[in-house]
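Subject: Structure handover

Hello,

Please find the structure below, with the sequence. My notes on what was found follow it.

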Amino acid sequence: MDSVAHRLSVGGAGAALELRGVTRLFGALAALTDVTLTVRPGERRAVLGSNGAGKTTLFNCITGDFPPTSGTIRFFGEDVTHFPPFERIRRGLRRTYQISALFPGLTVLDNVYLACCGVSPRRFSPFRPRSNDALVQAAEDLVEAVHLAAVRGRRVAELAHGQQRQLEIALALAGAPRFILFDEPAAGLSPTERRELVDILTTLPSHIGYIIIEHDMDVALRVVESVTMMHNGRIFKEGPPADIESDPEVQELYLGGGHG
Amino acid sequence: MSIAQDARLQPGKSAERPATAAPTRDFGHPAVWAVAVLLVIMPLIANGFFLIEIFGTSLILGIVALSLMFLAGYGGMVSLMQLTIAGLAGYMTAVLGASGNANISLGWPWWLATPMAIALATLFGTIGGTLAVRTEGIYTIMITLAIASAFYYFTNQNWAIFNGHTGINSVVTPHFLGIDWRADIAFYYVILAVAALCFGAVSYLARAPFGLALQGVRDNPRRMATLGFNVNAHRIAAYAFASCIAALGGVLQVWNYRQISPGSVGVERAIDILIIAVVGGTSRPIGAFVGALIFVLLRTFTLDFLVAIGLDGNRFRLLIGLGFLAIVLFSPDGIVGLWERLRGWSGQGKAQAGGERHG
């Protein structure tokens, strides 16, 4: 466990995200074992690994969906290990879910508006927005940015799968994100939708860093500058995409394992 | 990596819910205006008995049920302590104000006693809510039921404030501007105004950020947390708002009967509120009032009806129970849901006129 001196150290001040010795147990099963990871502000990284490698558990620990069993997590230098999720989100962390986590009964615009409210002090406001409301405008802009303007008034339950995935990204872009965790954003998308996704990701402002979990190498390796390979809850390789792709051990474990 | 992963994140049932947050333009509907006008001119049509015993009482029960509708329909939290909160407001109105029990009542003027009673009941409901939001589903029902029955037994046994099982009688009601506000017509308008205010507040709030977020919390609390919402704080705030509405209903209740006793806050009464809300439908604010009217009509007239056909008049609860069963079986979203479905069927030929409003 971490000492007080360790907790107060400013070693991670330069990093957007710094994980030290993060372990997560589910009963006797270790979903994550001693994960240590540093990501610079604005850095874009892919996390690769087969099913059960611990990728989504890693995300859940970073956002606080559930806390790590041990280890520390720093977000822009601040120890957020024991923060509830909403405190991390308000500091600029965002995430998307592997299975779309949207509000099917609300319209597209309301979903994004809700996300905009969540990171604004207006979240408790008992007053309806006026037509020129800044948050509504921000929501409209985001809907536009993810190419959903044509269906902005439709209920989310009526959207096609690809559109729901795009909406999922819009929710993560609400407010002023500093770092985003994308959990398989391309899952189930058509080739055209994948190209649109790559466009959205590559045109994000450069100060916004992200980690992306993606099985599709064509998507993953085109939108990142570094790659972390995970296997059985551990990190076993880090490096630029080219090195990872040509690494024989990686090919053995992952690329040759029927994925891709 | 899918151990417990995202199991709660799937849309599930929520997709079938009516879009309570979708823009509603019901205020423009002629039927709504007709009902509103009818309610306003009611004193011209109905005699004192109907005015207070039927419509006034329905509106008061509707206000208390509305507080449950808000929590259950928008927040997904079934609270059985809403009548208890109303009861505390009623008791405090009697204790702080003037009554026939001079040894207990402090004799404050109504304009001081009433806001204080509402504030205390709201505080009580908020504290109860703070306990309840740590639980989900059936455990929320259990903990609020526990609060309700504990309050009932406490009022029974406490003589210093609640005057034990005799309760507080001859509660003095407001007189000012030369008007007796408990006289039938004046009191009816007081009730109608408060009911309209509560109904309007709940309807308005449903589309404000706070209300939208509450519905988000109902459908997917985990996602709301990763959008930056403090889910528990939001739920507690919802309890505070609902408590304030229930408290308003409680004050009107004690003015209506001019007395309050443990029987007014019993668990049976608390269940009545749940029945009213479910029968009316928890998807829309109007459901609480529809449910209350049906409940009061049944309670008032079933007795005569049953006696007329040669049965025991005390069996009116049996009829209510059967009606409750039928509604839960055939229309889980209550009378209002049934009404909307009927209108949906009849409107299908008319190019889905009602579709957008409720879609």
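Does Asp247(A) count as buried or exposed? At 16% relative accessibility, Asp247(A) counts as buried, because the cut-off for that class is under 20%. Please keep in mind that this is a predicted model.

Salt bridges

The side chain of Asp247(A) meets that of Lys237(A) in a salt bridge, 3.3 Å from N to O. This pair links distant parts of the chain, 10 residues apart: Asp247(A) sits in the loop between helix H9 (241-246) and helix H10 (248-255) of chain A, and Lys237(A) in strand S10 (residues 234-239) of chain A. Lys237(A), with a relative accessible area of 23%, is partly exposed.

Over all chains, a search of the whole structure finds 24 salt bridges. One of them is between the side chains of Glu168(A) and Arg223(B), at 3.0 Å from N to O. Glu168(A) belongs to helix H6 (residues 161-172) of chain A and Arg223(B) to helix H9 (residues 221-225) of chain B, so this pair joins two chains. Glu168(A) and Arg223(B) are both buried.

In chain B, Arg269(B) forms a salt bridge with Glu268(B), with the closest N and O atoms 4.0 Å apart. Arg269(B) counts as partly exposed, at 30% relative accessibility. In chain A, one network made of salt bridges that share partners joins Arg40(A), Glu43(A), Arg45(A), Glu225(A) and Glu238(A).

Strand S7 (residues 179-183) of chain A is mostly covered, with five of its five residues buried. Phe179(A), Leu181(A) and Asp183(A) point one way from S7(A), while Ile180(A) and Phe182(A) point the other way. S7(A) pairs with strand S6 (residues 93-95) of chain A in the parallel sense, over three bridges, and Leu93(A) stands opposite Phe179(A). S7(A) also runs parallel to strand S8 (residues 209-213) of chain A, joined to S8(A) by five bridges. Here Phe179(A) stands opposite Gly209(A).

Leu135(A) is in helix H5 (residues 134-145) of chain A and is buried, at a relative accessible area of 14%. Leaving aside residues up to four places away in sequence, Leu135(A) touches Tyr113(A), Cys116(A), Cys117(A), Ser120(A) and Arg122(A). Leu135(A) and Ala174(A) are 39 residues apart in sequence, and their C-alpha atoms are 9.5 Å apart in space.

Chain B

Chain B has 15 helices and two strands. Of its 359 residues, 49% count as buried. Among contacts in chain B with a separation of 6 or more, 76% are between residues 24 or more positions apart. The accessible surface of chain B is about 15,700 Å², and 70% of that belongs to carbon and sulfur atoms.

The unreviewed UniProt entry annotates "transmembrane region" over several stretches of chain B, including residues 236-255 and 286-311. In the model, residues 236-255 of chain B are 100% helix and 0% strand, with end C-alpha atoms 29 Å apart. Residues 286-311 of chain B are 88% helix and 0% strand, with end C-alpha atoms 33 Å apart.

A nonpolar surface patch of about 740 Å² is made by Val37(B), Leu38(B), Val40(B), Ile41(B), Leu44(B), Ile45(B), Ile185(B) and Tyr189(B). Helix H1 (30-40), helix H2 (42-45) and helix H7 (184-206) of chain B each give two or more residues to the nonpolar patch, and H1(B) gives the most, with three residues. Val37(B), which lies in helix H1 of chain B, counts as partly exposed at 45% relative accessibility.

Regards

How values were computed: Residues are numbered from 1 along each chain as its sequence is written. Chains are lettered from A and ligands numbered from 1 in the order in which they are written. This is a predicted model: local features need pLDDT of at least 70, side-chain atom pairs count only at pLDDT 80 or more; totals for chains, interfaces and linings use all residues. Side-chain values use heavy atoms; hydrogens and water are left out. Helices (H or I, at least four residues) and strands (E, at least two) are DSSP runs, numbered from the N terminus. Buried means under 20% relative accessible area, exposed over 50%, partly exposed in between (1.4 Å probe, protein chains only). Contact means heavy atoms within 4.5 Å. Accessible areas come from the Shrake-Rupley method with a 1.4 Å probe; for residues, only the protein chains shown count as cover. Patches are made of residues with over 30% relative accessible area and no salt bridge: like charges are joined within 9 Å, nonpolar side chains (Val, Leu, Ile, Met, Phe, Trp, Tyr) within 5 Å. UniProt positions are given in the numbering used here, feature names are shortened, and annotations may be inferred rather than shown by experiment. Two strands pair if DSSP finds at least two bridges between them.
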